[in-house]
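Here's a quick briefing to read alongside the coordinates.

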2 protein chains.
Amino acid sequence: MKKPTARSATVTIKHVARHAGVSLGTVSRVLNRAGNVDAALRRRVEEAILNLGYEPNPVAQSLRSRQSRVIGVLMPDIQNPLTAAAVTGLEPVLTRAGYTLFLANSHSDRERESDVLEQFKRRRVDGVIVMVANDNDEATRAQLRDFSVPLVMMERVIDLDVDCVLTNQYDGTYRATRYLLGLGHRRIGLITVPAITHSGRERLRGFESAFTDLGLDVPRDLIHSGGRQHPYGRDAAYSSLIGRDPATAIVASGGHLAGVIEAVRLLNLSVPRHLSLVTLGDTELAALIEPPITAIRYDWAATGRCAAELLLDHLAGGHGSTRQRITVTHEFIIRGSCAAPGAKTPRAG
Amino acid sequence: MKKPTARSATVTIKHVARHAGVSLGTVSRVLNRAGNVDAALRRRVEEAILNLGYEPNPVAQSLRSRQSRVIGVLMPDIQNPLTAAAVTGLEPVLTRAGYTLFLANSHSDRERESDVLEQFKRRRVDGVIVMVANDNDEATRAQLRDFSVPLVMMERVIDLDVDCVLTNQYDGTYRATRYLLGLGHRRIGLITVPAITHSGRERLRGFESAFTDLGLDVPRDLIHSGGRQHPYGRDAAYSSLIGRDPATAIVASGGHLAGVIEAVRLLNLSVPRHLSLVTLGDTELAALIEPPITAIRYDWAATGRCAAELLLDHLAGGHGSTRQRITVTHEFIIRGSCAAPGAKTPRAG
DNA sequence: TTGAAAGCGCTAACAC
DNA sequence: GTGTTAGCGCTTTCAA
């Protein structure tokens with residue numbers, strides 16, 4: 001039943017036409033369900049297609065029709081479990097709709113990012129889903145403004161007419177901080193990514209609001225909004241934990257958690273006795289380490305799915321040119337890493 | 001300096017030719033560094049390209065030249081940190097060589113895998129890097145045999161004329177098991193993926209050899225070679241740890257580690273007092289959990305890099321039709337999860 | 001409805 | 001060396 005007359009030479013629409021005794025145009029019409037085709041002819045064509053094992057050549061289709069059925073996906077780092085989850089979320093949505101994915105890693109490098117985007121465009125992708133390295137950057141804005149390919153931004157926001165899918169980092173951070181504040185902590189540290197992305201800025205805002213809403217001073221000396229890497233988390237935690245008036249609690253982004261834990265061990269501190277910990281973004285590590293870490297969880301797969309659906313809508317001409325901005329909410333997972341402050345840390349003055 | 005005469009309508013090779021006062025062919029030759037072009041003409045063409053901001057259309061190039069400069073990458077699951085690392089390893093190698101990546105997830109589903117592969121082929125990818133779901137499957141073998149696109153297999157092996165890049169799971173598992181045996185353990189459990197992949201089979205072999213090389217009986221009742229998921233790890237560990245003659249040590253694949261730890265906690269066991277643990281494949285979790293887990297580490301990024309280079313070689317006509325089979329070796333990271341057996345487990349008879 | 005023909009943007013074979 | 005020409009495989013007018 002399969003590959004009945006499988007010939008090794010590529011069979012083209014021409015062969016089908018000849019085989020069915022119709023013209024090229026008719027075959028094309030059958031293929032694209034466009035225009036009305038007589039039932040009898042349609043049957044003949046479909047038979048010929050089956051008999052010859054014909055498969056349309058997407059490259060030729062793309063050249064002629066100016067659309068490729070390819071979506072470009074650009075992420076800072078697929079190794080990050082969160083972005084990996086997002087890709088896993090968006091992939092089946094796009095695939096089911098008949099799209100294939102170009103995937104590239106920018107490694108948060110603007111140059112690379114710019115190159116990839118141009119590459120995508122030249123290759124005539126129908127749409128792009130991107131998480132830019134810096135959504136505050138003028139060059140990025142300029143490139144995206146003139147991009148002229150349907151585009152959905154993930155976890156970034158930019159003053160441009162594009163769709164955005166965001167996780168609610170403001171709410172999450174606010175809630176985590178208020179929780180700690182409610183436990184009696186005042187010296188709370190924040191360790192997060194730089195403020196050059198929506199997530200970075202929103203976490204900062206959420207953290208600060210939690211204090212100011214209560215009429216409290218924000219402990220600015222304990223805010224570390226810098227590197228993205230594991231060592232940064234360690235160093236930031238370390239410096240928050242030593243000195244005159246150390247932090248009794250820390251809110252750290254998921255990517256920094258491992259570093260924070262390292263610092264905690266280095267200082268021989270115990271969680272939650274000496275230090276309470278909440279992580280922004282739930283990970284396997286947070287769930288399984290002892291004690292398990294209380295976490296704000298975001299559903300990244302849903303974010304990816306949402307971005308894909310938005311793009312598909314856009315491609316179908318759905319929302320016209322109305323810009324959508326969707327926010328995915330969080331879940332608060334209380335585990336065992338938080339307690340009221342009080343226990344003196346070993347080395348406290 | 002940028003985009004001097006940036007016209008919004010796409011500028012084609014024709015425009016360049018007219019602008020430079022040469023023929024299409026000459027422009028093409030300049031573009032492809034093919035054939036000799038007079039220095040003066042070349043300069044004129046290059047100037048025209050710059051002036052017009054011309055960029056070749058890869059779709060047209062692809063249609064005509066029958067090569068796309070796209071590589072298809074198919075993995076069972078990009079969310080798995082190991083495959084994510086592999087992708088991160090192979091990506092820059094391919095990108096630097098001017099290739100763009102199609103990436104797809106098979107979710108270890110044969111049907112999906114087959115579709116993706118055909119999709120890749122129809123889209124005229126120049127090559128494929130794939131980690132098939134089951135390298136023991138006849139349909140898979142048949143598809144790959146007739147595939148007629150340069151292909152490199154990752155972490156799978158198949159009786160076919162294709163390049164393979166493998167991690168040495170035999171050696172790794174052997175070493176882990178011997179280590180435990182050396183500590184005095186005899187009731188050692190193995191928890192791993194099904195034997196439908198190279199990794200699964202090699203681990204089994206390595207485990208068994210470690211026993212038989214010492215003239216010992218293989219504790220077959222403690223071998224769990226089944227599911228791929230976290231719950232499987234938990235259940236397998238649980239059943240190894242209860243009963244008359246429970247395991248005193250377990251060798252578990254990285255993906256199962258979380259499940260094993262869950263079971264250990266459920267049973268209120270302590271590592272390494274009641275149970276020694278080695279993981280096949282190092283993860284963040286293994287490194288940071290308390291106690292840190294002794295691990296066989298494989299460099300997956302290197303594996304990816306290697307696969308990419310192999311494919312590139314192949315595309316360049318490098319190795320001709322000689323099948324390469326490269327094995328990436330392991331590293332043994334001794335941490336704190338192993339001790340001599342002896343401590344009676346709480347519920348032991 | 002259907003067929004014929006033009007051409008998407010490019011490469012490669014062939015003349016000159 | 002360089003220009004001319006014929007397609008790659010398809011979609012899409014335009015007539016019929």
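Where chain B meets chain A, 40 residues of chain B are in contact with 40 residues of chain A. Keep in mind that this is a predicted model. About 4100 Å² of area is buried between the two chains, with carbon and sulfur atoms giving 56% of that.

**Chain B against chain A**

- On the chain B side, the residues that lose the most area to chain A are B:Arg122, B:Arg123 and B:Leu288, and together they make up 16% of what that side buries.
- Another salt bridge pairs the side chains of A:Glu91 and B:Arg112, with an N to O distance of 3.5 Å.
- A:Glu91 sits in helix α5 of chain A and B:Arg112 in helix α6 (residues 110-122) of chain B, so this pair joins two chains.

**Helix packing in chain A**

- Helix α5 (residues 81-96) of chain A turns up again here: its axis and that of helix α13 (residues 300-315) of chain A come within 7 Å and cross at roughly 40°.
- The crossing of α5(A) past α13(A) is right-handed.
- From α5(A), the contact uses A:Leu82, A:Ala85, A:Ala86, A:Gly89, A:Leu90, A:Val93 and A:Leu94. From α13(A) come A:Trp300, A:Ala301, A:Gly304, A:Arg305, A:Ala308, A:Glu309 and A:Leu312.
- Sorted by class, the contact of α5(A) with α13(A) has ten nonpolar, two polar and two charged residues.

**Helix packing in chain B**

- Helix α1 (residues 13-20) and helix α2 (residues 24-32) of chain B pack at about 105°, their axes 8 Å apart, which makes α1(B) roughly perpendicular to α2(B).
- B:Ile13, B:Lys14, B:Val16 and B:Ala17 of α1(B) make this contact with B:Leu24, B:Val27, B:Ser28 and B:Leu31 of α2(B). By class that's six nonpolar, one polar and one charged.
- Further along chain B, the axes of helix α8 (residues 169-182) and helix α9 (residues 198-212) come within 7 Å and cross at roughly 35°. The crossing of α8(B) past α9(B) is right-handed.
- Among the residues that meet there are B:Tyr170, B:Tyr174 and B:Arg178 in α8(B) and B:Glu202, B:Arg203 and B:Phe207 in α9(B).
- The α8(B) and α9(B) contact comes out as six nonpolar, six polar and four charged residues.

- As background, most residues other than glycine have a negative phi, and most peptide bonds are trans.
- In chain A, the peptide bond from A:Glu290 to A:Pro291 is cis, with omega near -5°. A:Pro291 lies in the loop between α12 (284-288) and β10 (294-298) of chain A.
- Over in chain B, a cis peptide bond joins B:Glu290 and B:Pro291, and omega is about -5°. The loop between α12 (284-288) and β10 (294-298) of chain B is where B:Pro291 is found.
- A:Ser108 has a positive phi, near 55°, though it isn't a glycine. You'll find A:Ser108 in the loop between β2 (100-105) and α6 (110-122) of chain A.

Technical notes. Residues are numbered from 1 along each chain as its sequence is written. Chains are lettered from A and ligands numbered from 1 in the order in which they are written. This is a predicted model: local features need pLDDT of at least 70, side-chain atom pairs count only at pLDDT 80 or more; totals for chains, interfaces and linings use all residues. Side-chain values use heavy atoms; hydrogens and water are left out. Axes are lines fitted to C-alpha atoms, for helices over the stretch in contact, and angles run from 0 to 180 degrees between N-to-C directions. Helices (H or I, at least four residues) and strands (E, at least two) are DSSP runs, numbered from the N terminus. A crossing is left-handed if the near helix is turned anticlockwise from the far one by less than a right angle, and right-handed if clockwise. Contact means heavy atoms within 4.5 Å. Ala, Val, Leu, Ile, Met, Phe, Trp, Tyr, Cys and Pro count as nonpolar, Asp, Glu, Lys and Arg as charged, and the others, Gly among them, as polar. Buried area is the accessible area (1.4 Å probe) that two parts lose on being put together, summed over both. A salt bridge is a side-chain nitrogen of Lys or Arg within 4 Å of a carboxyl oxygen of Asp or Glu. Angles under 35 degrees count as roughly parallel, over 145 as roughly antiparallel, 65 to 115 as roughly perpendicular and the rest as oblique.
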